[in-house]
Amino acid sequence: MAGEQGHSFAVNDGKIGRVLIAFMAVGFVALIAAGIAAAWVTGEMARHSQAVSHTYEVELSIAETRRLIEQGETTRRGFLLSPTTASFLDAYNTTAAALPVATKRLRQLTYDNPRQQVHLRTLDKHLRELLALRAESMELIVAGDIAEATERFREELSSVRLRQIRAVFDLMAREERNLLRTRDAQQERSISLFYTVLVVAGLLLGAVAIAALLVVVRYTGDLAQSREQLQQLNESLEAIVVDRTSDLSRANDEIQRFAYIVSHDLRSPLVNVMGFTAELEAATATLRELVERAQEEAPAILTEDAQLAAREDLPEAIGFIRTSTQKMDRLINAILALSRQGRRVLAPEPLDLMRMVGQIRDSMAHRLDETGASIDVVGSLPALVSDRVAIEQILSNLIENAVKYRHPDRAVEVQVRGAAAADRVWIEVSDNGRGIDPRDHERVFDLFRRSGTQDQPGEGIGLAHVRALAYRLGGTITLRSALGEGATFRLSLPPTLSLQEKS
Amino acid sequence: MNAHQSVSIVMIEDDEGHARLIEKNIRRAGIMNDIKHFLDGTSALDYLFNSPHGPMLNGPALVLLDLNLPDMSGTDILAKIKQSDGPVKRTPVVVLTTTDDSREIQRCYDLGANVYITKPVNYESFAQAIRQLGLFLSVIQVPDIEE
């Protein structure tokens, strides 16, 4: 069962988090790319429509210039045929004045196109000649030289100039058309590029979403699985705890039984030792009487050794046997009492600690009066549900010790304080007594071990008993002390004693 | 104890020292009845139920019983005595043992023990207790075997 504790879980939260963040980052990048593409395409569209309108403007301008030239020609011809009609002249003058404006505008519009500029320069050259001829012929007509003017006109009609001008205009128009077509193609390319970007971004987003979904699904699955494992582990852990607890309580029971049996079986021979020692004592008394009578009536038969044996050796030996067996008896009784305490069934009940300390104080009133000792409760003591007898024994042992092991120079002051903290209740008994050497802090809780000057009666049982009781109540006892500076025993207990251990 | 009926005392005690001390102190109390001593339960039961001199077939008796025996528990012997048929059933049983466990005491009385005495470890108390038991034995009425 313990092998399962080394199990490693499949779910790695950090890794999953990183993967999800990576997916989200990819998704955002795709979105940003789509946004940039859209912005770029919009810009391209704007530029394209501008270019288209520019092209139309150029075409318009070309047509206008061409119209002015053709109109100028028409009006000149009209004027030649009917020199008296002033409206022809007026119309001619108007178109002649408008022509430079139109060509200037055309130049401006095609400023950025070197090929159109080349065409324009050819056009300019032809126009200059044409305009010069026109002006000449118009002057001739105004001067009345109709024949000369007609002659010039005819010459000019036969010349290729006008046709060349028209060809230049056609070239320019075609040029603009080509330009427009190129721009349309560009436009289409950028739009299709935009759609490609959009599709790629969409696919990427979809893929990311699916991948993230899969990861989350797998993660959830792993999570459920690991939760199941955890639950199983928990259950097996509980089983282990139950096992260990029963093992422990079995071991504890075993120790208790052992202590009980041992102390009982030790008592039996002790009865013999003590019994026959008493018999020996009685016999020694008889012997001593005999020795004394022999000394009076027949001193000759009495050796010094016999006298010594009856008067000193035997009583001394018997005395030592007696004190030793008595001590052994006390120790056995102590073990018996401890083991009996361990076998006692605990009965938790709400305890009034203030009253309990008061009762302990009352029971010691006589001793307190004699020595001028005081026992005070500082503040109030916490509520506690525990075994009355056990708590009483712990507190009275601690308080009695505090009174017993006093400092020779000062009156005993014992303070009891306590509080509930988190899930524990603590009670402290502190005194101003002789204190305990830190080296002995562990030792004083051991059975039959004592510390400091051995000037007080006792077997070294009290604190062992206190610690055994504290452990049984699910608590601990700790000690703070320095030699000559008093001691503080701190008892820490669960606020409510639960009887989970089946004793 | 009615001297003319010569009630015998059956002592079942595995510790010879204890047996000797008990016997000494009973004698000191002035009880001079015959004391039969057994160190284990099997031979004691055999004597009680089968011996021609035992209480089953012969005169009345009184049992002094220790609970800690090597071969069986004293309470088993007590149960066998009290649950038997015939005169042995009416034999008074004094449990004299080191065990002062309250459950054990209760169990012995439940099984029909007449007196339960814990052996005091202190010898003076022990001797005194046995002597008092002797006084008690001197006045106790034991059922007649013939009845």
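**Exercises on cores, contact and a helix**

The largest nonpolar core holds 39 residues, and B:V10, B:I12, B:V63, B:L64, B:L65 and B:V95 have the most contacts inside it. This is a predicted model: local features need pLDDT of at least 70, side-chain atom pairs count only at pLDDT 80 or more, and totals for chains, interfaces and linings use all residues. Residues are numbered from 1 along each chain as its sequence is written, and chains are lettered from A in the order in which they are written.

**Exercise 1.** State which element gives the largest share of this core.

*Solution.* A nonpolar core is a set of buried Ala, Val, Leu, Ile, Met, Phe, Trp, Tyr and Cys residues joined through C-beta atoms within 7 Å. Buried means that 20 or more other C-beta atoms, placed from the backbone, lie within 10 Å of the residue's own. Helix 5 of chain B supplies the largest share, six residues.

**Exercise 2.** Check the length of helix 9 (residues 388-404) of chain A.

*Solution.* The expected span is 1.5 Å times one less than the number of residues. For the 17 residues of this helix the span should be 24 Å, and the end C-alpha atoms are 24 Å apart, so the two agree. Its buried residues include A:I391 and A:I394, and both belong to a second, separate core of 35 residues.

Key. Helices (H or I, at least four residues) and strands (E, at least two) are DSSP runs, numbered from the N terminus. A residue is buried if 20 or more other C-beta atoms lie within 10 Å of its own, exposed if 12 or fewer, and partly exposed in between; C-beta atoms are placed from the backbone.
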